[in-house]
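Subject: Structure for you to look at, with notes

Dear colleague,

I am passing on the structure below, and I would be grateful if you kept it open while you read my notes.

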Amino acid sequence: MSESGSHNDVSENLPGEHGARGSEPAVKSDPFANPGLPPHEYRRQDIDERSAKHSERIVAGLYTLSMLGTIAFIACFVIFDIDKYVYIFPFGHVSALNFSLGLTLSVALLGIGVGSVHWARTLMSDEEIVDERHRADADDELRENIRQQWITGAKESGFGRRRLIRSTLYGALALVPLSSIVILRDLGPLPRNSLAHTLWSKGKVLINSNTNMPLRPEDVAVGSLTFGQPQGLSEADEDFQDQIAKSAVMIVRLKPEDIQDKREADWGHEGIVVFSKICTHVGCPISLYEQQTHHVLCPCHQSTFDLSDGARVIFGPAGHPLPQLRIGVNADGNLVALGDFSSPVGPAYWERP
Amino acid sequence: MSTTTESPTRRPATHPGERIAEWTDGRLGLYKLAKSNMRKIFPDHWSFMLGEVCLYSFTILILTGVYLTLFFHPSMNEVVYHGPYVPLQGVRMSDAYASTLHISFEVRGGLLIRQIHHWSALIFIAGMIVHMMRVFFTGGFRKPRELNWLFGWSLLFIGMFEGFTGYSLPDDLLSGTGIRFMEGAILSTPIVGTYLSFFLFGGQFPGHDFVPRFYSVHILLLPGIMAGLVAAHLILIFYHKHTQFPGAGKSEKNVVGTPLLPVYMAKAGGFFFIVFGVISAIAAVATINPIWTMGPYRPDQVSTGAQPDWYMGFSEGLIRVMPGWEIRAWGHTLVLGVFVPLMIFPLVMAAIAAYPFIESWLTHDKREHHILDRPRNRPVRTGFGVAWLTVYFTLLIGGGNDIIATHFHLSINAITWFVRVGFFVLPVAAYYATKRICLGLQRRDRDKVLHGRETGIIKRLPHGEFIEVHEPLSQQQLHVLTAHAQPRPIELGPAVDENGVARRSSPVAKIQAKMSEGFYGEGSNIPKPTAEEYEEITSGHGHH
């Protein structure tokens, strides 16, 4: 196969021959033979100095534009206040500083980039050069040489002969990473059964998360959805996030005759039922309530639960119903929990019964 | 020889730059390195710059990332916000979130760098996927480049985690929701799930540890590994020399193109500035991840339309469309509904990593390949690639099912079911369609070689017949269309040996032969025209 052809049709005002590009002629008998590199085609800039000058000016112009871009960047940095917002079509109200800094930086960078590419494309030689490839693997002689060196080295170490050394070394190397695993032990406490329990317990008053006031049955209208949390949990608590991640609830009131699940009705109070707000799929808080159908939808992965039927999963990737909180009314007339949730809240896990 | 060891005839260095080079050469052997690399030849093709986009966006990520560390506080200590962003004044939040607000509203240029950083991350991963597709469809992963395929694959794999840990750092409501999803996914792991979760979060979710832990992973551990992989990737590109497409003068034994100094220095160096400039312009006009609109993370709050960054969309799709299967027995729960999607991700990635080795196993091909394939000439491989992309995009639809439902007024249940069925059906359909198209294109190539190009010129002959003039292809075109090798499938050999005794083939060999037949058998390739066919047609009865 021929690797390249030759070209000899360069006219007189073109740069001189760049050397033959291989000399093997294409094999005539093979109609599909590689014809070799086609003759180099010169660009206008290669033969016309005026055209080359024009390209030079464009490149220099782009580099100058870049300099202006940097100066403008510094000027914008100084001029614009960080809280100044301007209306720019079609982007709307934008931060003047962010907008101007970004665009001037862009001009400064693109000037260099486009200029350099233009320089390479129009003025630097575009003549294709052929380079040989070399196989990665060694020839037989080197291969044998290395084999011998290896054998010599291995023999001198006695690694193969002194089996006691070899075995104990393997043992030591196998054991030593254990310390790096053991030392990670204090990354966190053991789970024990902390996932199965929340702050809710018998007598805990339900607090409206929006008003921070105890909830009374008459506050909960039919068709409404209220978010609640246990009494005594404050945003200022050190472990507030950990606790609210498990004990957030939603409180809805259905018409008692609409509740299809008997236990659900029993665990509620006059049609008021309380369910965990944490989705049983992967733990997003559920926030979308469709009051006509009593369905709630998790906005993350669209698991849908029927609150009139024990929060059964009716669509989506969740695997089990939302846990229900058994409620009653205390002596002050406030809604209270009568215990913890019926089952662990949130996503399922291996130890979950 | 006197006190000097320099050769007396050596020309003294005159230019200061040359003296620096001499000094360095005397200590590092610079000239020997330059000998094989300074005028390194790189072939030219637009698709070869896809990898460059990745390299440059990675560089931009490091530059802007270092800047961001100067202002970001990787701490989950609670603070009450008193900064200039009015809607959040008086709100409790983590120091991480507050410092991100500080970068966005009080550090001049901080918002720009944050946005450049985030846009670069999206472009980096998009670039890696498109670059990987280019390498896949053209067979650029074949010997001797299998290791570089693995390096690039590792960069993509780690890059996705790098992105995830990065956008989780501001501790805003959206990213916290993503972290919650991750925690739920980890919990689904059989036996060790809860332990992994407690060790990762330092206790119960969300705890006070994940931001500082993710921070050291995001700014030190993963970028360190990635920088090493990028360096190895580039060294191997230089060592192997770049692949090239078939063409006149190009062979398996040469590389044809323009030299690193000066052409590629200018082109590639310039292209870095172009990528940076374009990303700066995007960051100037297009807001990304406006964490101030989302508010600080609270595990009991969420926004609708929550979406991860795009490259996590397929895993979002998997998790959304998987039915919620749970197996409960002996006091334990096996959460298949979450664990199966969690496992499909690494399995698909592992299949991509293994592909070059599978393909060479099916050909017994131990040769080096430097000429790229035209995708049509490898119909099965191209079909696999398109099938994979089909799965990927189907899952992206699944991941955005809520957005698609609201924008196009479709039922979310219908979209979910479409994805559930499509996950299995569409890639198969895409595979067969692609393979068929490839075979059609091969037939067309064959036709062009044997009969020439259709010119569109209709000629009327003296006796009234109309013919279309076909123009014979140039030698170069003929070569390009016929340069590819067509591997033969591996054969098991005769069922009985020369003595008439039944030969036993191992089951593995049978599978190998069967798959090889699928890859390279009669149904998967149109025989390319032979020289004899060409001679017969072109010399026999003249040109049409």
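Helices (H or I, at least four residues) and strands (E, at least two) are DSSP runs, and they are numbered from the N terminus. This is a predicted model, in which local features need pLDDT of at least 70 and side-chain atom pairs count only at pLDDT 80 or more, while totals for chains, interfaces and linings use all residues. Residues are numbered from 1 along each chain as its sequence is written, and chains are lettered from A and ligands numbered from 1 in the order in which they are written.

Chain A

The span of residues 100-120 of chain A is 100% helix and 0% strand, with its end C-alpha atoms 30 Å apart. Residues 164-184 of chain A are 90% helix and 0% strand, and here the end C-alpha atoms are 32 Å apart. An unreviewed UniProt entry carries the annotation "transmembrane region" for both of these spans and for residues 58-80 of chain A; UniProt positions are given in the numbering used here, feature names are shortened, and annotations may be inferred rather than shown by experiment.

In total, chain A has 7 helices and 14 strands, and its C-alpha trace spans about 110 × 80 × 50 Å along the principal axes. The radius of gyration of chain A is 39 Å, whereas a compact globule of 353 residues would have one near 20 Å; this radius is taken over C-alpha atoms, and the globule rule is 2.2 Å times the number of residues to the power 0.38.

Chain A also holds an open sheet of 5 strands in the order 4-5-6-7-12, with antiparallel pairing, and its edge strands, strand 4 (206-208) and strand 12 (324-325), each pair on one side only. Two strands pair if DSSP finds at least two bridges between them. Within chain A, strand 5 (residues 225-230) and strand 6 (residues 249-253) are joined by 4 bridges in the antiparallel sense, and A:Leu225 stands opposite A:Val252.

Where the chains meet

The contact takes 84 residues from chain A and 93 residues from chain B, where two residues are in contact if their C-beta atoms, placed from the backbone, lie within 7 Å. Helix 3 of chain A gives the most to the side of chain A that touches chain B, with 17 residues. Strand 3 of chain A and strand 4 (residues 254-259) of chain B run antiparallel and are joined by 4 bridges, with A:Asp131 opposite B:Val255.

Chain B

Chain B has 19 helices and 8 strands, and along its principal axes its C-alpha trace spans about 90 × 85 × 65 Å.

B:Asp309 lies in the loop between helix 11 (291-294) and helix 12 (313-321) of chain B, and B:Asp309 counts as buried because it has 20 C-beta neighbours inside 10 Å. Leaving aside neighbours within four places in sequence, B:Asp309 is in contact with B:Leu122, B:Gly163 and B:Tyr167. The C-alpha atoms of B:Asp309 and B:Phe164 are separated by 7.9 Å, although these residues are 145 residues apart along the chain.

With best wishes

Technical notes:
A residue is buried if 20 or more other C-beta atoms lie within 10 Å of its own, exposed if 12 or fewer, and partly exposed in between; C-beta atoms are placed from the backbone.
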